[in-house]
Amino acid sequence: MPPLIADTALIFGRYARQTLRSKPALIFGMVQPLLFLVFFGPLLTDLPLGGRAGSWQTIVPGILVQLGLFSASFTGIGLILERRTGVIERMRVTPVSRLALLMGRVLKDVALLLVQSLLLVCVAVVLGLRAPVLGVAIGFVFVGVLTISLASLSYALAMRVASPQGFAPVINSITMPAMLLSGILLPMSLGPRWLDIASHFVPFRYLVDGVRAAFAGEYGDGKIALASLVASALAVVAVTLGARLFRQAGA
């Protein structure tokens, strides 16, 4: 097995076991998306949300992207705490690949998010969601790639910020406008034209549209293909930049 893969698997296993021991964190990590699903979703079930898909096929994809957006963006806080307790210093003296130190953490976040996404979709099915299995699988792939991108940048930022108090405002100032302009809560086509135009400069808009198209089984209208291009480009740029910053910070 190549050293990078072996090192990545080692780091992944370490943080996966750590996450499984933190059962309260696993439970409360699902509270917000489930609240949106259970209390916000029914308010929109009888409203025309645009397109041919049902309301749940519009709401659930947005919540999935929201879960990936916020969960991945804040993963770096744990790394800041590890820096302050000396864990990172002890890892630096080992021969483990610096890229593996990043990717092992990132892949753990992806695995956790996919489990949470599966639970979310199962609850949504009970509430009334009807979506093709292939479409749901495609949506999970998009959310997984989004998690890779944002978690990589989050960890890189965490290596350069001294405390959670300095980290959180930066993340909030980015994720909140991104959420509002990406159409996570409602399709941007329902808003005024200037807002719809502005949203096209936010890459997450294309991911939301792609996941919604997948959940609706609309595979040939170009939205999934465009979302694939945007997600791939975002992942390449984010992982490259994140890995560079991670190394430069002395991880």
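A: Helices here are DSSP runs of H or I with at least four residues, while strands are runs of E with at least two, numbered from the N terminus. Thr147 sits in helix α8. This is a predicted model, where local features need pLDDT of at least 70 and side-chain atom pairs pLDDT 80 or more, while totals for chains, interfaces and linings use all residues. Numbering starts from 1 along each chain as its sequence is written, and side-chain values use heavy atoms, leaving out hydrogens and water.

Thr147 counts as buried because its relative accessibility is 2% (buried is under 20%, exposed over 50%, partly exposed in between, with a 1.4 Å probe and protein chains only). Its contacts (heavy atoms within 4.5 Å), leaving aside neighbours within four places in sequence, include Gly68, Ala72 and Asp109.

Now for the helix pair: α4 (residues 55-73) and α8 (residues 133-158) pack at about 20°, with axes 8 Å apart. Axes are lines fitted to C-alpha atoms over the stretch in contact, and angles run from 0 to 180 degrees between N-to-C directions. So α4 and α8 are roughly parallel (under 35 degrees; over 145 is roughly antiparallel, 65 to 115 roughly perpendicular, the rest oblique). From α4, the contact uses Leu64, Val65, Gly68, Leu69, Ala72 and Ser73, and from α8 it uses Phe140, Val143, Leu146, Thr147, Leu150, Ala151 and Ser154.

Finally, Phe204 touches Leu69, Leu146 and Leu150, among others, again leaving aside neighbours within four places in sequence.
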